[in-house]
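Have the structure open as you read.

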Amino acid sequence: MTEFQPKSDFLRTLSARGFIHQCSDLEGLDRKALSSDLVAYIGFDCTAPSLHVGSLLPIMMLHWLQQTGGKPIALMGGGTTRVGDPSGKDESRKILTVEQIESNKLSIQKIFEKFLTFGAGKTDALLSDNEEWLCKLNYIDFLRDVGRHFSVNRMMAMDSVKLRLEREHELSFIEFNYMCLQAYDFVELNRRHNCLLQMGGSDQWGNIVTGLDLGRRMGTPQLYALTSPLLTTASGAKMGKTAAGAVWLNADMLPVYDYWQYWRNAEDADVARFLKLFTTLPLDEISKLASLEGAEINEAKKLLANEATALLHGREAAEQAADTARKTFEEGVLAQSLPTVTYPRSERETMGVLTAAVLAGLVSSTGEARRLIKSRGLQANNVVVTNERDVLSSFDLIDGVTKLSVGKKKIVLLKPE
């Protein structure tokens with residue numbers, strides 16, 4: 001059987017760059033993308049003040065949709081965040097206040113402007129919020145008009161529900177309703193904006209196809225589902241997680257330099273794949289970079305870091321991060337543009353190195369810092385820390401700061417004020 005070759009620019013681009021995992025009707029979606037202006041959306045719940053690097057994959061799918069003539073919708077989950085998506089979770093998500101959700105939403109929105117062009121034009125991106133319709137629903141009317149189309153038997157078979165129950169973890173009634181609300185989003189966006197496609201990560205497949213089914217039962221035109229692969233590194237680690245925590249997209253939650261270093265530290269086997277997914281470099285250029293081996297692969301990693309950082313934080317910030325890394329590692333200069341964390345000068349005599357490592361974001365707990373010291377993995381001013389009872393005053397200030405580092409690439413300056 002011959003593998004299907006897309007004809008539309010949209011699906012050809014996504015396929016060539018490795019974005020496609022599942023599609024409800026690849027040929028039908030390809031015809032739709034060829035014959036009309038395709039409108040598609042991805043939903044983003046507002047559970048934190050920033051999205052993390054795992055959200056980049058769907059954002060880039062919206063980016064390429066717009067670049068190939070489609071209209072992207074970034075849907076904020078102002079309504080669904082009040083419920084909480086149970087997908088991939090063994091316990092209920094923390095219920096946030098309306099004020100927290102609003103604050104998170106405002107903080108997240110500016111990320112989309114880095115990757116999409118917004119406006120009133122035909123292919124200009126649209127920022128929407130499901131709070132607009134979900135929070136106005138009358139419960140009885142919703143049950144009668146929408147809820148009657150859902151089969152509890154099928155809902156119980158969804159991975160987000162089934163896996164939670166198989167592990168004997170509680171699933172609240174409010175979470176059980178999440179897929180109903182997400183499915184209704186699809187119907188509502190179709191009515192309002194003629195949206196025909198919902199995209200997302202592979203863990204959202206069940207929720208997305210539930211929207212397709214609801215649309216069919218409620219009389220919408222043919223709707224489509226498209227998911228991207230679950231992204232892991234070559235060594236099997238979940239994308240976007242480090243020892244110090246999530247790789248956030250907002251600069252006020254993760255310094256630009258740390259973001260640059262995250263990509264610079266990519267495993268050799270991931271470089272070509274990440275260049276396809278997280279940069280806009282031409283594929284022929286990426287193919288040449290993929291053939292590099294040995295020490296030369298480091299140049300491809302720097303390019304990955306530069307391009308990925310430039311997309312999110314701008315070219316100037318990316319070049320500054322690259323320059324900081326070059327001065328620090330190649331010239332041995334203590335670059336003042338390294339991530340800097342301040343602390344009260346009065347605590348210099350009492351703050352232990354374990355606490356300092358957590359404060360610097362190099363580790364997530366003092367227990368992890370203790371294990372790092374035992375394995376001789378933590379350095380202060382380029383000297384291996386061997387005593388977990390050391391305090392910051394045990395190490396001299398150099399240019400007014402103490403340099404803490406893990407390996408050669410994770411460096412933070414601690415500055416007393």
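Start with two helices: α13 passes α14 in a right-handed crossing. Keep in mind that this is a predicted model. Helix α13 covers residues 271-278 and helix α14 covers residues 283-290, and they pack at an angle of about 165 degrees with their axes 9 Å apart. Angles over 145 degrees count as roughly antiparallel, so α13 is roughly antiparallel to α14. On the α13 side, Ala272, Leu275 and Lys276 make the contact, and on the α14 side Leu283, Ile286, Leu289 and Ala290 do. Sort those contact residues by type and you get six nonpolar, no polar and one charged.

Now for the strands. What holds strands of a sheet together? They pair through backbone hydrogen bonds, either parallel or antiparallel.

| Strands | Sense | Bridges |
|---|---|---|
| β1 (residues 22-23) and β6 | antiparallel | two bridges |
| β5 (residues 197-201) and β6 | parallel | five bridges |
| β9 and β13 (residues 410-416) | parallel | four bridges |

Let's zoom in on β6, residues 224-228: five of its five residues are buried. Tyr224, Leu226 and Ser228 point one way, while Ala225 and Thr227 point the other way. Within β6, leucine 226 is the bridge partner of cysteine 23, and alanine 225 is the bridge partner of glutamine 198.

Finally, there's an open sheet of five strands, in the order β9-β13-β12-β10-β11, with mixed pairing. Its edge strands are β9 (340-343) and β11 (383-384), each pairing on one side only.

Terms used:
Residues are numbered from 1 along each chain as its sequence is written. This is a predicted model: local features need pLDDT of at least 70, side-chain atom pairs count only at pLDDT 80 or more; totals for chains, interfaces and linings use all residues. Side-chain values use heavy atoms; hydrogens and water are left out. Two strands pair if DSSP finds at least two bridges between them. Axes are lines fitted to C-alpha atoms, for helices over the stretch in contact, and angles run from 0 to 180 degrees between N-to-C directions. Angles under 35 degrees count as roughly parallel, over 145 as roughly antiparallel, 65 to 115 as roughly perpendicular and the rest as oblique. A crossing is left-handed if the near helix is turned anticlockwise from the far one by less than a right angle, and right-handed if clockwise. Contact means heavy atoms within 4.5 Å. Ala, Val, Leu, Ile, Met, Phe, Trp, Tyr, Cys and Pro count as nonpolar, Asp, Glu, Lys and Arg as charged, and the others, Gly among them, as polar. Buried means under 20% relative accessible area, exposed over 50%, partly exposed in between (1.4 Å probe, protein chains only).
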